[in-house]
Amino acid sequence: MPIKMNTYFSPRKIIIAMLILTAIILSQILYLPEHTLNAQQTPQDELKVLWVKYGGEGDAYATCVIGSLVYVIGKYIGPPRGAIEARNINTGELVNSWENVYGNYTELYDCVVLGGYLYVIGIDNAPGNFEWLILKFTPKLELISEKHYNPSVMDDQAWFINSDGRYLYVGGIDLAGGKNDAQWHLIKVDPRDLSIIKKYTYNPSTGWDEINSMAINPLDGKIWLVCVVNAYSLSERYWRIEVLDQDLSLVASKDIKDPLRKIVFDDVGYAYIT
């Protein structure tokens with residue numbers, strides 16, 4: 001059922017949809033490891049599959065589109081190495097691909113398009129522990145620049161990337177508090193050279209705290225985080241919504257007892273969280 005938020009969030013309502021069945025159905029449709037699917041909606045409100053293509057053996061985590069190309073972001077296995085496949089959006093045919101291993105383990109998790117460039121984030125273990133990896137590509141998958149960011153000596157991971165149209169925002173976790181004490185971590189990045197402009201971290205418990213989802217309000221550019229606190233403690237676990245301005249200062253927060261996983265915005269500034 002919908003959960004009412006405090007008055008800060010008005011008049012732009014936030015709608016929290018506890019639609020478990022729908023979430024499961026959508027996950028089954030959209031999570032397609034090792035292959036890419038393109039579908040369109042028919043006049044009868046049915047989804048028609050236009051093409052299915054199988055890539056290299058591994059996992060696909062995200063897609064982005066530039067012009068007539070869809071970019072599939074993920075990893076190949078044996079050894080795990082970050083991979084990107086660029087496919088024709090109409091036919092699914094492979095146009096270009098990129099893969100690499102920094103150290104001996106790399107995974108790519110998310111992407112965003114800004115200014116005609118493809119930005120991809122993930123992890124590698126080049127320093128001996130997992131570190132954040134940020135990559136910038138041309139539409140032809142020519143690597144322009146890369147950023148390796150290692151917040152701690154433990155296994156840190158970058159999971160999300162988004163943009164307000166000017167800057168990049170990358171979210172994940174670091175283990176600065178110890179191997180069982182994760183905190184969420186967000187950085188603001190200059191897309192020109194991938195330099196870090198600002199950082200935001202929060203460690204609300206001595207357990208595993210992480211970001212589940214991140215989105216940017218299209219009206220005011222504020223960054224919304226959906227997080228879980230003490231994820232592995234059934235008795236103490238809860239979920240938290242945070243709103244940050246573009247300087248990564250916290251302007252609002254709300255604790256929720258029900259599980260929260262994903263946030264999206266519509267064009268008029270309403271947030272939908274499941």
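Modeller: Strand β10, residues 131–137, is joined by 6 bridges to β11, and the two run antiparallel; strands here are DSSP runs of E with at least two residues, numbered from the N terminus, and two of them pair if DSSP finds at least two bridges between them. This is a predicted model, in which local features need pLDDT of at least 70 and side-chain atom pairs count only at pLDDT 80 or more, while totals for chains, interfaces and linings use all residues. Residues are numbered from 1 along each chain as its sequence is written, and side-chain values use heavy atoms, with hydrogens and water left out.

Within β11, L143 is the bridge partner of F137. The open sheet has 4 strands, in the order β8-β9-β10-β11, with antiparallel pairing. Because β8 (106–114) and β11 (143–149) stand at the edges with a single partner strand each, one side of each is left without a neighbour in the sheet.

Between β11 and β12 (157–163) lies the loop that holds D155. At 33% relative accessibility, D155 counts as partly exposed, a class that lies between buried, under 20% relative accessible area, and exposed, over 50%, with a 1.4 Å probe and protein chains only. Leaving aside residues up to four places away in sequence, D155 touches N129, F130 and L175, where contact means heavy atoms within 4.5 Å. The side chain of D155 also reaches the backbone nitrogen of F130 at 2.9 Å. From C-alpha to C-alpha, D155 and I173 are 8.8 Å apart in space, and 18 residues apart in sequence.

Methods:
Polar contact = N/O pair within 3.5 Å; in protein donor to acceptor, adjacent residues only side chain to side chain.
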